[in-house]
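Please look through the sequence and the model below before reading on. The report that follows treats the strands and sheets, and then the surroundings of the ligand.

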Amino acid sequence: MEIRPLAPAVGAIVDGVDLAHLADADLKQIIAAWDAHNALLFRGQSLDNDGFIAFARRFGELEHAPIMENGRTPVPGYPEIYVVSNVKGPDGKPIGSLGAGEAVWHTDMSYLDNPPDASMLFARELPPTGGDTWLAGMCAAYDGLPPDLAKAVAGKRIKHDGTFNSGGYKRAGVEVKDDPRESVGAYHPIVCAHPRTGRSALYLGRRRLAYVEGLSLDASEALLDALWAHATRPEYCFAHRWQVGDLLVWDNRATLHRRDPFDETARRIMHRTQIKGATAPIAA
Ligand code: SIN
């Protein structure tokens with residue numbers, strides 16, 4: 001097994017390993033790389049649904065997948081697997097979530113009090129171009145904060161909105177409010193301590209309908225704009241061009257991610273699992 005960084009601020013590739021037959025000694029090295037790089041890429045994996053779930057469980061207890069945009073539970077018999085896909089089933093309805101458009105920068109489900117610690121995406125079918133998934137490293141982004149921004153965010157919390165998902169789709173049963181202080185969501189510290197490594201990381205959630213507690217709306221918007229412009233600077237990012245059989249796992253406590261749009265007439269099927277949040281995000 002060989003592990004190499006993918007980019008300076010986030011991610012490493014793990015070569016020479018078959019995740020269907022992973023030895024405990026290899027898992028130990030993988031977890032050390034996970035703590036160091038906050039996202040790992042494994043290529044050329046052949047995993048059926050049981051194999052995907054079995055590997056995901058080695059990172060922790062799994063969440064049951066939320067109800068998808070189409071109102072369905074995702075994969076019959078596999079409540080832990082969520083489907084991200086634009087493909088339509090025989091009834092003309094999408095078999096998964098997020099369509100073919102851009103998924104904007106976010107961290108998964110931060111509108112919950114205890115968001116999932118990690119997310120794993122496994123590529124089953126891909127369009128010829130587009131649909132790249134981007135990661136941004138939030139430990140490096142915190143370390144690189146200019147002093148005025150570091151001062152402005154110290155001790156503050158963001159309200160993380162739960163109205164819309166990253167594809168811009170409204171979540172089922174949620175009322176849309178224009179004022180972020182009134183919308184559904186959860187407050188979390190802007191600077192969190194990673195529970196495994198103790199490193200400080202920016203925890204931003206998503207930009208739309210976010211609000212910095214205690215500020216006027218105008219001041220909150222200005223601070224959020226400055227923070228997001230900083231956190232998504234190219235030096236903190238890595239763009240992943242998928243191949244079928246790639247498995248990418250990211251740490252929601254230390255990364256943001258987004259997805260490029262792709263041709264809606266092409267097919268893209270990704271399976272996702274999520275590791276349960278062991279704790280609520282902890283202030284640094
Ligand atoms: C997501 O934003 O969670 C999905 C990413 C992707 O489809 O690549």
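Two strands are said to pair if DSSP finds at least two bridges between them, and the strands themselves are DSSP runs of E with at least two residues, numbered from the N terminus. By that rule strand 2 (residues 12–15) and strand 3 (residues 39–42) run parallel and are joined by 3 bridges, with Leu40 of strand 3 as the bridge partner of Ala12. The model is predicted, and local features need pLDDT of at least 70, side-chain atom pairs count only at pLDDT 80 or more, while totals for chains, interfaces and linings use all residues. Residues are numbered from 1 along each chain as its sequence is written, and side-chain values use heavy atoms, with hydrogens and water left out.

## The sheets

Strand 2 also pairs with strand 1, here in the antiparallel sense and over 4 bridges, and in this pair Ile3 stands opposite Val14. The hairpin of strand 1 and strand 2 has 6 residues between the strands, and in it Gly11 takes a positive phi near 90°. These strands belong to an open sheet of 8 strands with mixed pairing, in the order 1-2-3-15-7-17-4-5; its edges are strand 1 (2–5) and strand 5 (97–98), each of which pairs on one side only.

Another open sheet has 3 strands in the order 10-9-13, with antiparallel pairing, and its edge strands are strand 10 (185–189) and strand 13 (211–212). Strand 9 (residues 157–161) pairs with strand 10 over 5 bridges, and Arg157 stands opposite Pro189 of strand 10.

## The ligand

| Side chain | Distance to a ligand oxygen atom |
|---|---|
| His106 | 3.3 Å |
| His257 | 3.2 Å |
| Arg268 | 2.8 Å |

Taken alone the ligand exposes 260 Å², of which the protein buries 99%, with accessible areas taken from the Shrake-Rupley method with a 1.4 Å probe.

Conventions:
A polar contact is a pair of N or O atoms within 3.5 Å; within protein, one must be able to donate a hydrogen and the other to accept it, and residues adjacent in sequence count only if both atoms are side-chain atoms.
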